[in-house]
Amino acid sequence: MKILTAAQTHQLDQATMQAQNITSTELMERAAGALAEWFYGEFHSNEAGEILVLCGPGNNGGDGLALARLLHAAGYAVRVALLPTEKQSADWQHNRQHLPAAVPVAELAAGALPAIAPGALVIDALFGTGLARPLAGLAAAVVAHLNQARAHVVAVDLPSGLLADGPQPDPGAPVVRASYTLGFGLPKLAFLLPQNADYVGEWHVLDIGLDQDFIDQAATPWHFTQLADANVALPRRGRFGYKNTFGHALLLAGSRGKMGAAVLSAGACLRGGVGLLTAHIPGVGYDVFQTTRPEAMCLTDAQADFVSELPDLGPYQAVGIGPGLGQADATRAVLEELLRTAKVPLVIDADALNLLGAHRELLELLPENTVLTPHIGEFTRLTEKAHDDYHRLDLLRAFIQKHRCVVVLKGAYTAVGAPDGQVYFNSTGNPGMGTGGSGDVLTGLVLALRADQRLGPLHATRLAVLAHGHAGDLAAAETGEAGLIAGDLVAHIGPALQALTV
Ligand SMILES: NC(=O)C1=CN([C@@H]2O[C@H](COP(=O)(O)OP(=O)(O)OC[C@H]3O[C@@H](n4cnc5c(N)ncnc54)[C@H](O)[C@@H]3O)[C@@H](O)[C@H]2O)[C@@H](O)CC1
Ligand SMILES: Nc1ncnc2c1ncn2[C@@H]1O[C@H](COP(=O)(O)OP(=O)(O)O)[C@@H](O)[C@H]1O
Ligand SMILES: [K+]
């Protein structure tokens, strides 16, 4: 699924009207119908109480007026408050005229803002994608008043005051803090960034039949990967496939006190469908590794506590390095030798990333299409501290294009960046995955899919990230989010990949 800018969204609306030969009023009615359907499913009219609909002067306000009419017709108690302005959009005027007289309407005024009880339902239809400047004056006062009220706010299209696709020009200007945001057609970039979480709340995208041809042709670097995405499916294993068909992976992981990272990562690689796995680990880990992962082969390093040797890379189709590795100087030398000599796909995580950050000259050695899996802290060590989440995405795009690699910037909506600068946000996963070892599991899974010769680098990585999050969702359904531990992710990789197999 693509993510478009506010300007492209406006063009998409126009293209939809043209292609389907409908008026903007008809499109707005569709939008309002979709909003109303969501309301019927979420809040029963007997329990919703009186709903306050705050309407701005443009089409976002028009949506609010149309929604107020539909909710009133469905038996909800509704009142409307209008933001006074000289000029309203044509569809606003149409929907104002068609609002039944039985719905109370008031004009918002500075000294007399409407009382909003704690827990009341409020629909924010003040401003959407047409927001042209930071909120000030009465609009700002209304939003500040709303935010103080501790109401349940449902934002139409966008929380008012928030830009769809870029940072706030005035960080001091107020933005509605919504419990829910209901967008149309496609997710917005703003929905996916942690800095907007308190404004956006839980978001949903409602289908209003926007023109698919326009979407297909629209140029954007931003994409959203979902379970149904055919581009990231796992091909079925051929009936005559055997272990060599599915690749032999090498994992360099572990150090004293961090052998669990190697065990988790190896488990994920095995559950990810690799044909054969060899782990190269420090001597201290031999017993624990062989006992917990009997399916994997094990090479032990001459050093007991950390990895100091690079084994012969001849047998392997992919190499992963990093989980629990530590940052000994001998380990840095192993990483450097790996980068200089490897002819197969590499997956670099955790301490191997920290070593790259501390020795930036090594970045120049990264082979094309290497997969790096940093969380935000590790990514900062590789680049610089970002001013905000949008700047971090700029840094991500600059990094992937410069180093021609695939970067998995981990988080709630993990961003997979490709060497051509395209970025794919992941839809699966949950906060239960914020637990030690979750990242090690992802590394093992990426490694398995990079060893699978049937998949290209971007396909393998997006699929691994999608399946990892889905495994987390399947696991959390059993353990709850708090009870989820990284080993549960490993246990659910099989079913997660099964759900993604075509
Ligand atoms: N046919 C369409 O184009 C559709 C549009 N839709 C709705 O239309 C919205 C976009 O409508 P518009 O383009 O009219 O834009 P908005 O309604 O988001 O806002 C534009 C209006 O607000 C004023 N304004 C902008 N920034 C302001 C500020 N900081 N302070 C005070 N006034 C400000 C503008 O002068 C204009 O009157 C979407 O967010 C969505 O809710 C939906 O109905 C789907 C279909
Ligand atoms: N709130 C969340 N929603 C979805 N996924 C999450 C969330 N929090 C963490 N994750 C996922 O869990 C993993 C954590 O990785 P990482 O921070 O490297 O953990 P560790 O270093 O403990 O292995 C990442 O894949 C991340 O995307
Ligand atoms: K809004």
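Guide: Start with two strands: β1 (residues 51–55) and β4 (residues 121–125) run parallel and are joined by 4 bridges. Keep in mind throughout that this is a predicted model.

Visitor: What is the strand order of the open sheet of 7 strands?

Guide: The order is β3-β2-β1-β4-β5-β6-β7, and the pairing is parallel.

Visitor: Why are β3 and β7 called edge strands?

Guide: β3 (105–107) and β7 (202–206) each pair on one side only, which is why they are called edge strands. On average, neighbouring strands of this sheet are turned by 20° against each other, with direction ignored.

Visitor: How do the strands of a sheet pair?

Guide: They pair through backbone hydrogen bonds, in a parallel or an antiparallel way.

Visitor: What is the pairing in the open sheet of 10 strands?

Guide: The pairing there is mixed, and the order is β8-β17-β16-β15-β14-β13-β12-β9-β10-β11. Its edge strands are β8 (222–225) and β11 (297–300), each pairing on one side only.

Visitor: How many bridges join β9 to β10?

Guide: β9 (residues 248–252) and β10 (residues 276–281) run parallel, with 5 bridges joining them. The cut-off is at least two bridges, so β9 and β10 count as a pair. Within that pair, Leu 252 stands opposite His 280 in β10. Helix α8 (residues 259–271) packs on the sheet, touching β9 and β10, and its direction makes about 165° with that of β10. α14 packs on the sheet too, touching β9, β12 (318–321), β13 (346–348) and β14 (371–372). The direction of α14 makes about 150° with that of β9.

Visitor: Why is Tyr 316 called buried?

Guide: A residue is buried if 20 or more other C-beta atoms lie within 10 Å of its own. Tyr 316 has 22 of them, so it is buried. Tyr 316 lies in the loop between β11 and β12. Leaving aside neighbours within four places in sequence, Tyr 316 is in contact with His 248, Ala 249, Leu 250 and Val 344.

Visitor: Is Thr 414 buried or exposed?

Guide: Thr 414 has 25 C-beta neighbours inside 10 Å, and the cut-off is 20 or more, so Thr 414 counts as buried. Its place is in the loop between β15 and β16. Apart from neighbours within four places in sequence, Thr 414 is in contact with Val 408, Leu 409, Asn 426 and Val 465.

Visitor: Why is Gly 411 called partly exposed?

Guide: Gly 411 has 19 other C-beta atoms within 10 Å, so it falls in between. Gly 411 is found in the loop between β15 (406–409) and β16 (415–417). Not counting residues up to four places away in sequence, Gly 411 touches Pro 194 and Ile 376.

Visitor: Which residues does UniProt list for "binding site"?

Guide: The unreviewed UniProt entry lists Lys 410, Gly 411, Ala 412, Tyr 413, Thr 414 and Gly 439.

Visitor: How do you know that they gather at one spot?

Guide: They span 30 residues in sequence, yet no two of their C-alpha atoms are more than 14.0 Å apart, so they gather at one spot.

Visitor: Which residues come nearest to ligand 2?

Guide: Of the 18 residues around ligand 2, the nearest are Gly 429, Pro 431, Met 433, Ser 438 and Gly 439. The largest share of this shell, 4 residues, comes from α14. By class, the shell has 4 nonpolar, 12 polar and 2 charged residues.

Methods
Residues numbered from 1 in each chain as written. Chains lettered and ligands numbered in written order. Predicted model: local features only at pLDDT ≥ 70, side-chain atom pairs only at ≥ 80, totals over all residues. Near = placed C-beta within 6 Å. Nonpolar A, V, L, I, M, F, W, Y, C, P; charged D, E, K, R; others polar. Axes fitted to C-alpha atoms, helices over the stretch in contact; angles between N-to-C directions. Contact = placed C-beta atoms within 7 Å. UniProt positions renumbered as here; feature names shortened; annotations may be inferred. Buried ≥ 20, exposed ≤ 12 C-beta atoms within 10 Å, placed from the backbone.
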